[in-house]
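Please look over the notes below with the structure open beside them.

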Amino acid sequence: MGVVTYEFEVTSPVAPTRLFKAFVLEGAKVYPKAAPHAIKSVELEGDGKPGSIVKINFVEGLPFQYMKHMIGGHDENNLSYSYSLIEGGPLGDKLEKISYENQFVAAASGGSVCKSSIKFYTVGDYVITEDEIKALIQRSEVVYKAIEAFLLANPDACN
């Protein structure tokens, strides 16, 4: 098993506290509303604390039926959270899991920056390429931008 770490940032005109609420505290409600073209439903297995499982079910016609995240934890004061993709989605037979650590911070020009550190845990001797990593990140950014657009269109959501 190998581990590859990739870090990146995404900017947004939305305040960091609203993004944190949308992604972490109210994700089960927000995801299907913000991305109905992709996400059918979100189910929580557990109490929402570390170790709980979040199952995201996708609409028909997408390459994946579902994916499961294991919650690592979250810190409301620092607007940070962590989780691992442990089943389904893009894992296939080449990735054991993908772990994410994210933090929303205020941007100097207003809005926010989402700082992400992602660790790809590969199976056996498999080596993930930078192109594969970029493709996976692009998929994540589509959902990120859909949630951002939802929050911009619904100024009372996640306040």
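The points that follow take the basis of the model, then the helix contact, then the charged pairs.

1. This is a predicted model, in which local features need pLDDT of at least 70 and side-chain atom pairs count only at pLDDT 80 or more, while totals for chains, interfaces and linings use all residues. Residues are numbered from 1 along each chain as its sequence is written, and side-chain values use heavy atoms, with hydrogens and water left out.

2. The axes of helix α1 (residues 16–25) and helix α3 (residues 130–153) cross at roughly 120° and come within 11 Å; the axes are lines fitted to C-alpha atoms over the stretch in contact, with angles running from 0 to 180 degrees between N-to-C directions. The contact (heavy atoms within 4.5 Å) is made by R18, L19, A22 and F23 of α1 together with Y144, I147 and L151 of α3.

3. Three salt bridges are counted, each a side-chain nitrogen of Lys or Arg within 4 Å of a carboxyl oxygen of Asp or Glu. E45 pairs with K68, with the closest N and O atoms 3.9 Å apart; because E45 lies in strand β2 (residues 39–45) and K68 in strand β4 (residues 66–75), the pair ties together parts that are 23 residues apart in sequence.

4. Within helix α3, E148 and K145 are three residues apart and so separated by about one helical turn, and their side chains meet in a salt bridge at 3.5 Å, N to O. E148 is buried at 9% relative accessibility, whereas K145 is partly exposed at 36% (buried means under 20% relative accessible area, exposed over 50%, partly exposed in between, with a 1.4 Å probe and protein chains only).

Conventions:
Helix = DSSP H or I, 4+ residues; strand = E, 2+ residues; numbered from the N terminus.
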